[in-house]
Amino acid sequence: MSTYHKFFLLISLCYGASSQAVEIDAPEGLTKGVSKIVDHSFPSLAFEKASFAEFAGNSTTPNVFSRNLVETITTKTSKNLIIRFLTISRDHDHYNLSQKEAFIRPSPDANKPLRGISLGPAYYESFEQFPGSNYTYMVPMGSSTGLSLSKDAVQQAKAAIDVIGLDHLQSFEIGNEPDLYVPQGVKDSGYNLEDYVKQWLAYADQLNGNFTNIPKKFYQALTFASGHAPAWNQPGAFSDGIDQNGNVESVSFHHYQISATPQTLLKDTLMNHQAIKNSLDQFQPPIKYLEANHSDVSFVLGETGNALNPGGPGPHNYELEGVFGAGLWTADYLLYAMSINITRVQLQQGTGYAYDAWQPINRKGTEELAPHVRPPYYGIVFAADFLGTQSNVRVKYLDLGSNKLSAYASYESGQLSKVAVINFREWNSTMTGDRPTQPFNIPKLPQDVKSVKVERLTAPGANVFKGVTWGGVEWTYESNGKGTIVKNDTNMVDVKNRTVEVAVHSSEAAMLTLVR
């Protein structure tokens, strides 16, 4: 046995290896199937409107905990987030110039639907609390009738331009999830895609007339709901003329992978790579349609989460949507989305939602609703580090033919730079014995690669809320959202004969950075 293989045997025994090595074919240069250059604002966020003020704070009491967590993501990618500010309820609110309060709920119960909320000028202070961030801002349309933009909508657009500034406004959205207007009872039963496009064009024309200094391509269109009806489709919207004036900068679809019930199992849904892949592959046809017919329009997942309707009916399913297995889901979801040319993913956040990246304030005094960082945040920073700060980054999906293992390669300026591996095999903190590992063998590395740095996204088990680390770093409320090194599980592995082997625990991810 060679010295190298003795060394790997020792590493495998230390990590409890119990499987044959899986070979990962990571081409050393750009090949068929590699993505376009990934925009460094790719990992971004979206906020429910009532929650946004709680996540961000205001000029008197900024939420520094949230600010530090956002700054970590932007530092890792070297580009500010593009934050989407809207939800279904946002499409039915009102703006009151004389209102002193930031916002007034239609119901004192924070868990009830928020349609009819009243916003005041003080609300807009929250947009200043994430310095440098850019925003997609929705102009409400859901409660409007006819083709005339309401005075309220114009006032909201003006407030956004005045406070956020055009240099930090990525786009306007007009309305939200128009395919749900009829089920919501805000449009007549005959309202269809053609009616939506007519109304959208009229509103965009009036916004352009009121604000002549906004860029020509300044709108994110469609915003179709997760699981929208086939009649509401992208080719139909473009055929009906939604971009006839050249105003569309991007189109947005919304996506939640599953509809969770108390019986939903983590290992069968979120910790299932094939389920993640199949769920995202539905967007490949609209992406390719834009590439072929409207190449200057980008495709965005503007509102995403691991499960639909996180709060009801019934209690939040924290044991499914908010545990470490959901953090691994976040990492795999983002990396696969990069690989199929989705321009940006904006992960939905709302105070108390089970799938939140973090809980921003204390609500109800329970452990789940006390301020803390949740496992999905670690999936975001893992993806942010995989993208990194270098320009001209492309991503390739490396199919391992498994629903429990996934791998990706990143390329910087055409050269292989990193490989990410995710092991979805379930390991819970309650299990006994040695935690299994899966060895991976990566041959045919570039000649000039001398070693690889191995960093791990890990936790005591897929079922835990705490004890999560990425590269040995932990983010907590106690550290005010700043990363703290709590252990050293990063190691350097020498490359021998252009080959490297690593072992990854069940319910763990690893990132290999090539060192030249």
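A pocket is an open set of grid points with protein on both sides within 12 Å along at least five of seven lines, and its lining residues are those with an atom within 4 Å of a point. The structure considered here is a predicted model.

Under that definition, the second largest pocket holds about 430 Å³ of space. Its lining comprises 21 residues, and Glu-367, His-372, Val-373, Phe-465 and Lys-466 are those nearest the centre. At least two lining residues come from each of β14 (372-373), α12 and β21 (473-475). Sorted by class, this lining contains 11 nonpolar, four polar and six charged residues.

Two cavities reach 30 Å³ or more. The largest cavity contains about 90 Å³ of space. Around the largest cavity stand 13 lining residues, with Thr-330, Leu-347, Gln-349, Tyr-355 and Pro-376 lying nearest its centre. Two or more residues of that lining are given by each of β11 (298-308), α11 (324-339), β12 (344-349) and α12 (375-387). The helix α12 therefore deserves attention in both linings, because it supplies at least two residues to the second largest pocket and two or more to the largest cavity, where helices are DSSP runs of at least four residues. The lining of the largest cavity is made up of six nonpolar, six polar and one charged residues.

Elsewhere in the chain, three strands build an open sheet of mixed pairing, in the order β4-β6-β5. Its edges are β4 (94-95) and β5 (103-104), each of which pairs on one side only. Two bridges join β5 to β6 (residues 118-119) in the antiparallel sense. Within this sheet, Phe-103 has Leu-119 of β6 as its bridge partner.

Definitions and conventions
Residues numbered from 1 in each chain as written. Predicted model: local features only at pLDDT ≥ 70, side-chain atom pairs only at ≥ 80, totals over all residues. Heavy atoms only, no water. Pairing = 2+ DSSP bridges. 1 Å grid on protein atoms, 1.4 Å probe; cavity = no way out; pocket = protein on both sides within 12 Å on 5 of 7 lines; lining within 4 Å. Points joined across faces, edges and corners; volume = space filled by probe spheres on them. Nonpolar A, V, L, I, M, F, W, Y, C, P; charged D, E, K, R; others polar.
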